[in-house]
Amino acid sequence: MKYLLMSVYFLLLFQMCKPISNGYKAVVEGNKIPPALEKTLEHHGLQKWKSLKAFEFTVNKEGGAESYTLDLNSRNTLIESKDFTIYKNEEGCYVTADLEAFKSNPYFYHSVYYYFVAMPFMFADPGINYETLGDFAIEDTTYHGIKVSYDDGVGDASKDEYIILTDKETNEMCYLLYTVTFFSKENSNKWGAKRYGQWERKNGILLPTELISYKYEDHKLLEQKSVVKISNIDCSMNDLPPETFNPKGSYEKWVSKTEG
């Protein structure tokens, strides 16, 4: 009897650690935003977000701070740090720094933190496909699970996939699971995870002030990888001067999205 009870205990524990959506037949919503995501977008202030023209914030992470300035209509971007500056405009990407200090592709890097900080609003863009996954459990808490994918050719990495997990009572975004396919251009079964630990409502828009990254395998959060703090958030309905995104000083221009 003792061993039987132990076996039942470990079986129950294993089931608790599995996402409830395992084996659940996803409901394909196509390009129509599912009701659960609509509630989350409303809770976070999508309509006010749509009225913005400029967005600024600072990413505070190991190695130093990076300040971001974005034109939300053109998606032109300026990133400034102590080691490098990136300008992204209609002509291409420009890096002003010793390239030894910047060891990535600026086409990839310039939008990474913008996408994470501007969640969940990124999931209201055109060219997105949705699947309702039903209940999805992480660490004994059940969330609404919605899977997001993209039409071919949308953005710089249309093979990327995301799962957004939202609180079933408050509709607040809690976790983001994601794949990265920018470099391979192929579907991936390797997922990352970010927990959205803290939020701040700015001008009626709910925006994250903390992103916690985890290793994620077999539908489980493993060790914590990093904690990034977001500060100096500014949302504006005023246009930024176009010259904001023109490179200054010596720089290297990247025209190709895949070079380097």
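Predicted model: local features only at pLDDT ≥ 70, side-chain atom pairs only at ≥ 80, totals over all residues.

Q: Which residues have the most contacts inside the largest nonpolar core?
A: Leu176 is one of them, together with Trp49, Phe55, Phe57 and Phe123. That core has 50 residues.

Q: And which helix gives the most to this core?
A: Helix 4, residues 106–117, with six residues.

Q: What does a second, separate core include?
A: Phe136, Leu165, Tyr175 and Trp191 are among its 15 residues. As a general point, nonpolar side chains in soluble globular proteins tend to be buried together.

Q: Back to helix 4. Where is Asn105 placed?
A: Asn105 sits in the loop between strand 6 (92–96) and helix 4. Its side chain has a polar atom 2.7 Å from the backbone nitrogen of Tyr107.

Q: Is Asn105 buried or exposed?
A: Buried: its relative accessible area is 2%, and the cut-off for buried is under 20%.

Q: Changing topic to the strands. How many bridges join strand 2 to strand 3?
A: Eight, and the two run antiparallel; strand 2 covers residues 54–61 and strand 3 covers residues 64–71. They form a hairpin with two residues between them, and Gly63 in the turn has a positive phi of about 105 degrees.

Q: Then how do strand 3 and strand 4 pair, parallel or antiparallel?
A: Antiparallel, over four bridges, with strand 4 at residues 77–80. Strand 3 and strand 4 form a hairpin too, with five residues between them. In that turn Arg75 has a positive phi of about 65 degrees.

Q: Which residue in strand 3 is the bridge partner of Glu56?
A: Thr69. Thr69 also stands opposite Leu78 in strand 4.

Q: Nice. What is the phi of Glu139, which is not a glycine?
A: Positive, at about 50 degrees. Glu139 is in the loop between strand 7 and strand 8 (141–150).

Q: And what about the phi of Asp140?
A: Asp140 has a positive phi of about 70 degrees, and again is not a glycine. Asp140 is also found in the loop between strand 7 and strand 8.

Q: Are those two buried or exposed?
A: Glu139 counts as exposed because its relative accessibility is 58%, and Asp140 counts as exposed at 55%. The cut-off for exposed is over 50%.

Q: How about cysteines: how many disulfides are there?
A: The count comes to zero. Cys93 is buried at 0% relative accessibility, and Cys235 is buried at 7%.

Q: Last one, the whole chain. How many helices and strands?
A: Four helices and 14 strands. The chain has 260 residues, and 45% of them count as buried. The accessible surface comes to about 13,800 Å², with 50% of that belonging to carbon and sulfur atoms. Taking contacts between residues at least 6 apart in sequence, 54% join residues at least 24 apart.

Notes
Residues numbered from 1 in each chain as written. Heavy atoms only, no water. Buried < 20%, exposed > 50% of the residue type's maximum accessible area, 1.4 Å probe, protein only. Contact = heavy atoms within 4.5 Å. Areas by Shrake-Rupley, 256 points an atom, 1.4 Å probe, with all protein chains shown as cover. Disulfide = S-S within 2.5 Å. Core = buried A, V, L, I, M, F, W, Y, C linked by side-chain atoms within 4.5 Å. Polar contact = N/O pair within 3.5 Å; in protein donor to acceptor, adjacent residues only side chain to side chain. Pairing = 2+ DSSP bridges.
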